[in-house]
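Grab a pencil and have a look at the model below. Try each exercise yourself before you read its solution.

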Amino acid sequence: MTRHPANAALDTVDGLIRLGLRNQWYALCRSDQVPAGGLIRLDRVGEELMLWRDADGAVHVQEDRCPHRGARLTQGVHMGDRVACNYHGVQVDAEGVVVSVPGVPGCALEGRRALRTFPAREHGGAVFAWFGDPDDAEPLPFEVPEQLASPEWDHFLAYVEWDAPWIYSLDNLMDPMHGAFLHRKSHTMSGGRREALFQIRDTDTGFVFEKTDQAGVNFDWSEWIAGGTPWVRLDIPYPATAGPGGPFTIVCTATPINETQHAAFFWRCRKVTGWERDTWRFLYKARLEARHWAVLEQDRLMEEAMPLDAWSRETLYQHDLALVRLRRAIRAEAQRQLAAREEHAKQGAEVRA
């Protein structure tokens with residue numbers, strides 16, 4: 001099956017960078033934003049999407065476009081195991097198969113898998129979907145960092161939508177040094193030095209960007225986890241007054257909404273079980289959550305105020321090594337994906353000839 005982009009920018013390298021690489025899992029929204037019986041419209045990764053749950057509660061992600069005339073299926077009727085378009089009543093199931101055309105029963109459209117459908121998962125209170133290229137590309141295994149997978153860890157999810165390109169959040173997360181300046185009045189990032197040298201340390205799944213002369217004092221390192229989902233992981237030191245569990249680990253991912261807006265997900269994690277988990281959860285809601293939102297608000301104000309052409313007039317230095325490496329990796333993958341798409345189209349043309 002070929003790809004039919006809702007946005008022509010997806011056919012350029014810069015467009016893929018701005019709107020998100022294909023063949024990846026992206027977080028779309030919080031799970032509670034998709035209620036039972038609802039048809040939810042979202043724009044994500046340059047695509048126009050419909051999210052809904054079937055009668056068993058399983059979430060489905062499909063293109064918000066009726067295969068008959070292109071009407072918005074989110075304006076249609078939820079029928080439990082299918083969605084009916086309000087325009088002419090065409091019914092499509094969770095696999096994208098047209099199961100009924102009430103106006104012309106038995107017509108050729110019935111029985112066709114005609115609606116783009118994206119493999120979907122739920123984890124950690126969020127909905128994820130696989131965006132393949134071509135559409136039917138086999139999904140990579142859905143994998144999450146240990147902090148979201150192990151029962152020894154507990155977490156809270158903070159979800160935001162910001163008026164800034166998604167790559168600005170990746171830059172921000174892979175820039176530990178901004179913690180000592182932008183967040184210097186934070187209850188956890190007021191200590192430590194304001195000058196540092198950094199190194200890049202390769203891992204089996206990506207790389208860590210870390211200070212060479214300070215650890216466990218401030219926002220001193222961040223980790224890029226490559227693979228099927230764009231994960232970033234980092235640690236923030238916590239005082240004993242913040243409860244049990246040691247350092248506060250944040251697992252993050254970001255998803256483009258369009259070229260100038262994105263959604264970001266921040267799981268605040270601690271390794272706690274039993275009574276320690278109860279204590280941590282109480283302290284988080286009673287004292288810590290508001291402080292964490294205050295830090296995110298500082299990031300939001302900074303990112304949203306940056307010009308859209310910020311990259312074109314940068315002067316980078318040693319603290320920006322991780323940004324350079326990550327941007328090069330994303331661009332190289334965008335170029336590889338476009339080359340593979342062109343080769344696939346060439347082979348298809350040769351077969352048809």
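This is a predicted model: local features need pLDDT of at least 70, side-chain atom pairs count only at pLDDT 80 or more; totals for chains, interfaces and linings use all residues.

Residues are numbered from 1 along each chain as its sequence is written, and side-chain values use heavy atoms, with hydrogens and water left out.

**Exercise 1.** Work out which way the residues of β16 point, and which strands pair with β16.

*Solution.* 
Step 1: Find strand β16 at residues 231-236; strands here are DSSP runs of E with at least two residues, numbered from the N terminus.
Step 2: Check the cover: 6 of its 6 residues are buried (under 20% relative accessible area, 1.4 Å probe, protein chains only).
Step 3: Sort the directions. In a regular strand, side chains alternate between the two faces of the sheet. Trp231, Arg233 and Asp235 point one way, and Val232, Leu234 and Ile236 the other.
Step 4: Look for partners (to pair, two strands need at least two DSSP bridges). β15 (residues 221-225) runs antiparallel to β16 over 4 bridges, with Trp224 opposite Val232. β17 (residues 248-256) is also antiparallel to β16, over 6 bridges, and there Phe248 partners Ile236.

**Exercise 2.** Is Gly38 buried or exposed, and what does Gly38 touch?

*Solution.* 
Step 1: Locate Gly38 in the loop between β1 (24-30) and β2 (40-44).
Step 2: Its relative accessible area is 14%, so Gly38 is buried.
Step 3: Skip neighbours within four places in sequence; Gly38 then contacts Leu51, Trp52, Arg53 and His78 (heavy atoms within 4.5 Å).

How values were computed:
Buried means under 20% relative accessible area, exposed over 50%, partly exposed in between (1.4 Å probe, protein chains only).
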